[in-house]
Amino acid sequence: MKKIVDPLLKWYVQNKRLLPWRKDKNPYHVWVSEIMLQQTRIEAVIDYYYHFMDKLPTITSLANCNHDKLLKLWEGLGYYNRARNLQKAAQIIVEKYKGKFPQSYEQILALPGIGEYTASAIASICFSLKEATVDGNVLRVYMRLNNCYDDISNPKVKKKVREKLISIMPDDSGNFNQSLMELGETICIPNGIPKCDICPIQNYCKAFSKKTYLELPVKSIKKEKAEEFYTILLFIYQNKVAICRRNESGLLHNLWQFSCFSGHMKLSQVKEYLNTNHIEYQKIKKSIHYTHIFTHKKWNMDSYIIFLTNTNNIRNVEWVTLEELEKIYALPGAFQPFKKAMIEEMINDDEA
Ligand code: SF4
């Protein structure tokens, strides 16, 4: 394994992609980018990163940011707890470390929302500490290099890989970690045939010599995602739409949504609900069906657009214009398709 260090470092310096957070070693920049990159592709993150840094250029500005404004900045990236934890950690850094990013691995790891991987990335890239970043890309490269058939979803395997990488870690730990990740993202790719012909460590790769790279890495099959069924009622009155806050705990807590009911309702059931609650409407129309996939579950949603005659008996909602919904309120990705469908319907209604 030690033999891969020099060729990898040399390859990385010559071939690394020029990404905005790689322009310097500012821990705030590296930290925010690493959090954004969890669950999100690099290409999708770049614009968000620029916008975020434009609005919140320092740890202190993040710590003091209005909560709703922060969630709005995060809209579209999903997994909003990442944004909440970023702010909690920023507040700790301001209070406990006088706004200066902590420099030991243990202190970084203790911050909210920072796990082993992110702590190692910040510690190695910004402070040259010999910590190893082990994500799916690194595990794939490692397993192929060693022709190892251990199950990478086993935490013990991940721990073993981390220890092994630390044992060969050069002084330039930040670049070494990034070189392994970059190799996994661009050369030793997950889907399809890896680009072994241009791989800088092909000479040391056992999976290449045995032609077993497509069998590796081994990963046990995940459980089926639990499926939940909902009906979304999209209330429109004049030029405003009704939104409400989600519960204070649970998935997407405290974010905004449209009126959401458990189970799939037929048109006749929606009408019955409206009549029972004395909600007066001009017209009602079945709208889109959409399934949103989360990490552990999926939401299977039907929807209806309802043009109201008045707002009587619609409780616990805010009435907002589409412009306000766009600029002020953070609407999770799960509800964005309904917003789009509703806008189209309002335009059609105006033209009719
Ligand atoms: S030689 Fe091929 S399989 Fe081996 S590390 Fe390089 S790209 Fe991956």
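Helices α2 and α8 are roughly antiparallel to each other, a term that applies to angles over 145 degrees, whereas angles under 35 count as roughly parallel, 65 to 115 as roughly perpendicular and the rest as oblique. Helix α2 (residues 27–37) packs against helix α8 (residues 116–127) at an angle of about 150°, and their axes are 10 Å apart. The model is predicted: local features need pLDDT of at least 70, side-chain atom pairs count only at pLDDT 80 or more, and totals for chains, interfaces and linings use all residues. Residues are numbered from 1 along each chain as its sequence is written.

- Helices (H or I, at least four residues) and strands (E, at least two) are DSSP runs, numbered from the N terminus.
- Axes are lines fitted to C-alpha atoms, for helices over the stretch in contact, and angles run from 0 to 180 degrees between N-to-C directions.
- The α2 and α8 helices cross in a right-handed sense; a crossing is right-handed if the near helix is turned clockwise from the far one by less than a right angle, and left-handed if anticlockwise.
- On the α2 side, Pro27, Val30, Trp31, Glu34 and Ile35 meet Thr118, Ala121, Ile122, Ile125 and Cys126 of α8, where contact requires C-beta atoms, placed from the backbone, within 7 Å.
- This contact of α2 with α8 comprises 8 nonpolar, 1 polar and 1 charged residues; Ala, Val, Leu, Ile, Met, Phe, Trp, Tyr, Cys and Pro count as nonpolar, Asp, Glu, Lys and Arg as charged, and the others, Gly among them, as polar.

**Packing of α2 with α3**

- Helix α3 (residues 42–55) packs with α2 at an angle of about 140°, the axes being 10 Å apart.
- That angle makes α2 oblique to α3, and the crossing of the two is right-handed.
- Val32, Ser33, Met36 and Leu37 of α2 make the contact with Ile42, Val45, Tyr48, Tyr49 and Phe52 of α3.
- The contact of α2 with α3 has 8 nonpolar residues, 1 polar residue and no charged residues.

**Packing of α9 with α11**

- Helix α11 (residues 173–186) and α9 pack at an angle of about 85°, with axes 8 Å apart.
- Helix α9 is therefore roughly perpendicular to α11.
- Asn137, Val138, Arg140 and Val141 of α9 are in contact with Leu180, Met181, Leu183, Gly184 and Glu185 of α11.
- By class, the contact of α9 with α11 has 5 nonpolar, 2 polar and 2 charged residues.

**Ligand surroundings**

- The ligand is surrounded by 15 residues, of which Cys188, Pro194, Cys196, Cys199 and Cys205 are the closest; a residue is near a molecule if its C-beta atom, placed from the backbone, lies within 6 Å of it.
- Two or more residues of this shell come from each of α9 (136–145) and α12 (206–210).
- Helix α9 gives the largest share of the shell, 3 residues.
- The shell divides into 12 nonpolar, 1 polar and 2 charged residues.

**Domains**

- The protein chain is assigned domain 1 (2–215) and domain 2 (226–351), with bounds that come from an automatic or database domain assignment.
- The C-alpha centres of domain 1 and domain 2 are 38 Å apart.
- In the contact between the domains, 8 residues of domain 1 touch 7 residues of domain 2.
- The side of domain 1 that touches domain 2 has 3 nonpolar, 2 polar and 3 charged residues.

**Backbone features**

- Most residues other than glycine have a negative phi, and most peptide bonds are trans.
- Leu216 and Pro217 are joined by a cis peptide bond, with omega about 0°; Pro217 is in the loop between α12 and β1 (226–237).
- Lys98, although not a glycine, has a positive phi of about 55°, and Lys98 lies in the loop between α6 (81–97) and α7 (105–109).

Key: Contact = placed C-beta atoms within 7 Å.
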